[in-house]
Amino acid sequence: MKLTLSKGRVIVHFVYAIISAAMLIPFLLVVSISISDDDLLNKDGYKWIPEKINLLGYQVMLKASSALVRAYGVTIVVTVIGTLLGLLLTTMLAYTISRRDFRYRGPVTFYIFFSMLFQAGIVPLYILMTQYLHLRNTIWALILPLLINPFYVMIMRGFLAKIPGEIIESVKMDGASEWRIFAQIVLPLSKPALVTIGLMLAFGYWNDWFYGLLLIDEQKLVPLQLLLYRNINAIEFLKGNPAVQRLGVDYSHLPTLSARMAMTILAAGPMMIVFPFFQKYFVSGLTVGALKE
Amino acid sequence: MMRSVRFGKMGLAALVALLLVLSACSKNNESSSNSSASSSASKSASPSAGSDAGASASASPSADSSLPPVDLTWYYPADSQTALGPVQDAVNKITKEKINATVTLKPIAFGEYNQRMNTIAASGEAFDIAWTSNWLFDYVGNVTKGLFVPLDDLLNQDAADLKASLPDFMWDQVKVGGKIYGVPNYQSVTGREGYIVPKDYADKYGLDVSAIKKFEDIEPFLEKIKQGESGVAPLVMDYNGMFGYFIHTQGISTLPITSNPPIGFYDSDTSMKLFNVYASPEYKHYLEVVHGWYQKGYINKDAPTIKTVDDLAKAGKAAVSYSLSLNPGTETLVSNNRYGGKPIEYVPTTGFVVDGNPGIATVNAIGKNSKNPDRAMMFLNLVNTDKDLYNTLVYGVEGTNYDKIDDKTVKVKQDSGFTNNAWVMGNTFNGYLQEGQAPDTFDVQKKTNEEATPTQSVGFKFDVSPVQTEIANVQSVLDEYLPGLSTGAVDPDKKLPDFLDRLQKAGIDKLMQEAQKQLDAWKATR
């Protein structure tokens, strides 16, 4: 195969190269900081290639690794359960409202759509979660709020609506129950959409720290991203606050820059290795849903 | 068609059933923390909750021997408390014995405290004690919202020792509408403006401390550093500049309305006539001086963009810095945070002043929805009078979290999973000293507190609600212009007129009128 380098192609490649670089470079810098010596870091600023390699940051983080491992466990459990359950519920809901012969299709669709436009906000959510469902400091506090995203339901519905009604009609003639139609006909037909929505749900769970911040006090249930957020945020907050200076907080013992960056790498690393394997499904899922003849 | 309808009904029924099951399980799980279930009940009766509490407290004043056991919750900010359990047990051992109560400590990270507590407050969730202040989880605002119980009666009934242990001016400062709503944590309440100079530079370049009276008097010293050292910024600034840090040095007191206060009055003016400090001749003079310094390279080039001077100073890339709280006994802490433990010297440009509302800089208050406000008061009384309890709360368990050096001094163990800030928990003068602090630190601090000169507006609390829009507008103008101007990076001749014009448009006059009105009214009551 001959590669033709037309002008347009060069430009396109160039643009994408720049975009990739803009994403890669900051990451490489984080890697470089994480293995740098803190004193040199303060003295000379950031360097692409550290003058002196110092793995103290990783040592500090691994010494306190129980919290990190624990946070990994929490995030993985939440992501797996949340994604599977969320996928099931999203698909069931979307399938129901995609069926033209469902009498309450209009009202239910509107109900879901309505929640996309108007949200009650944090306080009612907090009251519901803590005072009615009593889910504070439970793993469900991290799972339930993200279980169904109305937007994903709408995407799924759009996809499922394209399954010809005749297929369902004919299976029904053969005597299949609604559950059987759903499980054996609809689900297998919608694999690409399932993978796409599943990945989006999984990212949502993996990256979430907000519900942890709001609803988790116990150290053992802190998810990974919240642990990261705390480590990075705490020191910035204390240093930049004049009132704190007045009262006198000793923040000299808080993690140093290299330790914080080491933590970022340790937290992000595994996901970066896992992601490329799923990427091809992600891409195909997106395109399959888009155009269908 | 029939089938599909049935499916629809079935689906709905299944959904309802699922919800019922869910809520049923969760109810069973949650018998231990009864707080949340009861709070909705007490919330509906909230207008009378305070008086109820008073009644129950007065009913059982002398029942020390027969106090029913209670568990109290206490929310406070802290950086990292991964090994809280043993400390909590030690605390409960003391409180169980003395007041038959246990306490559940609920530390929340500083950066999350505001959001978490505001959510808790808005949801009406019950808590017994919460930490509050004028800079994080606003005390006055939350009192106005009715989040806290008035403590005057409780203090007299259950906490006479605590009431007597603090000077009157501390109790005056926590009063809102004449009532006390929180227990102030007594600590160093003074401020003192001036420069911080690392000792090695001071000795090498012959710093004459007595010659520095005004902020610009440091210039010859900066010049010597500039000539003698390379790669070192003689003076290090962050994006706030240092005008606000030398405000009393220039004879002005400001009202703490935004992070860089825009209005103030001359200390010599007993009528307290407010003016825009950025339109004052003092600010113009300041800008001319620092712009000159910036151009001569006395100030770090990245001053307008960096958020803290600590990193540069710690790395030895900067020499002189400044502070508005050069209090006695703080050198070790400041040096640890900013100069990596190097010896430093304070160069004060003012005497000790008491400014703003130091009494509400750190307060513990009792929640309106608390079921046991009287017991919470007893607990706070104990925290502020029992040294063992206080030191356990601050330093943890001896041997695990700290080692004793002598009777009064301790060395904190790093990485023991428990650190706390003394000023969050209670009266800091009851605590141990930390390694490196002089034995008489607390005596000196107390004496300084009593001898310091209060500014005329000390204790005045500005109610921001009538001018919230103006404050937000002014703040955004300040955020835009100050980093460039106050660090000397941009030419004041070009930018200052713009800046003042924008402040006018943002409504600084209206803000000033409102503040003047409130200030005059407050003054009339004194």
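Entry 1, a helix pair in chain A. I looked up which residues of H4(A) and H8(A) touch: A:Thr90, A:Thr91, A:Leu93, A:Ala94, A:Tyr95, A:Ile97 and A:Ser98 of H4(A) meet A:Tyr152, A:Val153, A:Met156, A:Arg157 and A:Leu160 of H8(A), contact being heavy atoms within 4.5 Å. By class I got eight nonpolar, three polar and one charged for this contact (Ala, Val, Leu, Ile, Met, Phe, Trp, Tyr, Cys and Pro are nonpolar, Asp, Glu, Lys and Arg charged, and the others, Gly among them, polar). Helices are DSSP runs of H or I with at least four residues, strands are E runs of at least two, and both are numbered from the N terminus.

Conventions noted. The model is predicted, with local features needing pLDDT of at least 70 and side-chain atom pairs pLDDT 80 or more, while totals for chains, interfaces and linings use all residues. Residues are numbered from 1 along each chain as written, chains are lettered from A and ligands numbered from 1 in written order, and side-chain values use heavy atoms without hydrogens or water.

The axes of H4 (residues 65–98) and H8 (residues 150–160) of chain A come within 8 Å and cross at roughly 50°; axes are lines fitted to C-alpha atoms, for helices over the stretch in contact, with angles from 0 to 180 degrees between N-to-C directions. H4(A) is therefore oblique to H8(A) (under 35 degrees is roughly parallel, over 145 roughly antiparallel, 65 to 115 roughly perpendicular, the rest oblique).

I found H6(A) packed on helix H5 (residues 110–123) of chain B at about 75°, axes 9 Å apart. H6(A) is therefore roughly perpendicular to H5(B). A:Ile122, A:Val123, A:Tyr126, A:Ile127 and A:Gln131 make the contact from H6(A), and B:Gln115, B:Thr119, B:Ile120, B:Ala122 and B:Ser123 from H5(B). The classes are six nonpolar, four polar and no charged.

Which residue in the loop between H6 (122–132) and H7 (140–143) of chain A did I note? A:Asn137 lies there, and its phi is positive, about 60°, although it is not a glycine. In chain B, B:Phe137 has a positive phi of about 55° and is not a glycine either. B:Phe137 sits in the loop between strand E3 (129–132) and helix H6 (139–144) of chain B.
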